[in-house]
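Student: I would like to learn how to read a structure feature by feature. Can we work through one together?

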Amino acid sequence: MLTRAARSCLRPAQIGDFTEDTCPNTYSNLRAGTARYKLSITADRSKGYKISDHVEGVWTFTSENTPETRTVAWPLSVVRFHPKLSLTGTAKAGARITVPLSLQGPAAAKGRLKSLTVKASYDGGRTWKPLAVHSAASGKPYLVITNPRKPGTVSFRTALADTAGNTYTGTIRNAYRTVR
């Protein structure tokens, strides 16, 4: 769902509800001029999938809609997780693993990341625990996670902001399974 924050009221006004591929950006549905927007995407694959069965992304951003900017990408950033897993998407229960992160979009540019937080859930997303985000010598962010001793799943929730005030929050429920 794409919404534009209305200046005169507290609730955003819905501009469009897209079920089709919105890439490239769908500027034709946006009002002219500079405005603040909210884009939400949810993919639910809970029937038939054991990992990454529910994925959500929410972006808030400021964009300009003029004939000149209709070919410019929206300033959307995302955080990707890269744990080393088996071919079946599993890691050893109780093991301590490093999870490299990669940023894409405007927040990935040097000096553009304002904040980055990550939380993990070991109960399918019912409760969340903050994780420390470390920085390698190369400047690349990573996490160090100790998987629960009991086999189960690990979920991730992340939030970032860039220096222009654009934000992203994302959730990957059951990102990977842990096994003995």
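Student: How many helices and how many strands are there in the chain?

Tutor: Keep in mind that this is a predicted model. The chain has zero helices and 13 strands. Along the sequence, the pattern is β-β-β-β-β-β-β-β-β-β-β-β-β.

Student: What percentage of the residues count as buried?

Tutor: The chain has 180 residues, and 36% of them count as buried. The cut-off for buried is under 20% relative accessible area. We will need that below.

Student: On to charges. How many salt bridges does the structure hold?

Tutor: Two. Arg-173 pairs with Asp-53, and their closest N and O atoms are 3.2 Å apart.

Student: Is Asp-53 buried or exposed?

Tutor: Asp-53 has 8% relative accessibility, so it counts as buried. Arg-173, at 24%, counts as partly exposed.

Student: Which side chains meet in the salt bridge of 3.9 Å?

Tutor: Those of Arg-112 and Asp-162, taken N to O. Arg-112 sits in the loop between β7 (96-104) and β8 (113-121), and Asp-162 in strand β12 (residues 152-162), so this pair ties together parts that are 50 residues apart in sequence. Asp-162 is buried, with a relative accessible area of 2%. Arg-112 counts as partly exposed at 28% relative accessibility.

Student: Next, rings. How do I describe an aromatic pair?

Tutor: A pair of aromatic rings is described by the distance of the centres and the angle of the planes. A search of the whole structure here finds five aromatic pairs. Take Trp-59 and Tyr-168: the ring centres are 5.2 Å apart and the planes stand at 40°, so the pair is tilted.

Student: Which strands hold Trp-59 and Tyr-168?

Tutor: Trp-59 is in strand β4 and Tyr-168 in strand β13. They are 109 residues apart, so the pair links distant parts of the chain. Trp-59 counts as buried at 12% relative accessibility. Tyr-168 is buried too, with a relative accessible area of 7%.

Student: Which residues form an aromatic cluster?

Tutor: Tyr-37, Phe-61 and Trp-74 form one.

Student: Which charged end sits over the ring of Tyr-49?

Tutor: That of Arg-45, at 4.0 Å from the ring centre. Tyr-49 is in the loop between β3 and β4. At 45% relative accessibility, Tyr-49 counts as partly exposed.

Student: How does one look for empty space inside a model?

Tutor: Rolling a probe the size of a water molecule over the atoms shows where empty space is left. This structure holds one cavity of 30 Å³ or more. The volume of the largest cavity is about 30 Å³.

Student: Which residues line the largest cavity?

Tutor: The lining consists of Trp-59, Pro-75, Leu-76, Ser-77, Leu-160, Asp-162, Asn-166, Thr-167 and Tyr-168. Trp-59 and Tyr-168 are the tilted ring pair. Asp-162 is the salt-bridge partner of Arg-112.

Student: Which strands each supply at least two residues of that lining?

Tutor: β12 and β13.

Student: How do the lining residues divide into nonpolar, polar and charged?

Tutor: Five are nonpolar, three polar and one charged.

Student: Last, the backbone. What is phi of Ser-52?

Tutor: Ser-52 has phi near 45°, a positive value, and is not a glycine. Ser-52 lies in the loop between β3 and β4. Asn-174 is another non-glycine case, with a positive phi of about 55°.

Student: Where does Asn-174 lie?

Tutor: In strand β13. Asn-174 counts as buried, at 11% relative accessibility.

Student: How many residues apart are Tyr-49 and Asn-174 in sequence?

Tutor: They are 125 residues apart in sequence, and 9.7 Å apart in space, C-alpha to C-alpha.

Notes
Residues numbered from 1 in each chain as written. Predicted model: local features only at pLDDT ≥ 70, side-chain atom pairs only at ≥ 80, totals over all residues. Heavy atoms only, no water. Salt bridge = Lys/Arg side-chain N within 4 Å of Asp/Glu carboxyl O. Buried < 20%, exposed > 50% of the residue type's maximum accessible area, 1.4 Å probe, protein only. Helix = DSSP H or I, 4+ residues; strand = E, 2+ residues; numbered from the N terminus. Phe/Tyr/Trp six-rings, centres within 6.5 Å; stacked < 30°, edge-to-face > 60°. Lys NZ or Arg CZ within 6 Å of the ring centre and 35° of its normal. 1 Å grid on protein atoms, 1.4 Å probe; cavity = no way out; pocket = protein on both sides within 12 Å on 5 of 7 lines; lining within 4 Å. Points joined across faces, edges and corners; volume = space filled by probe spheres on them. Nonpolar A, V, L, I, M, F, W, Y, C, P; charged D, E, K, R; others polar.
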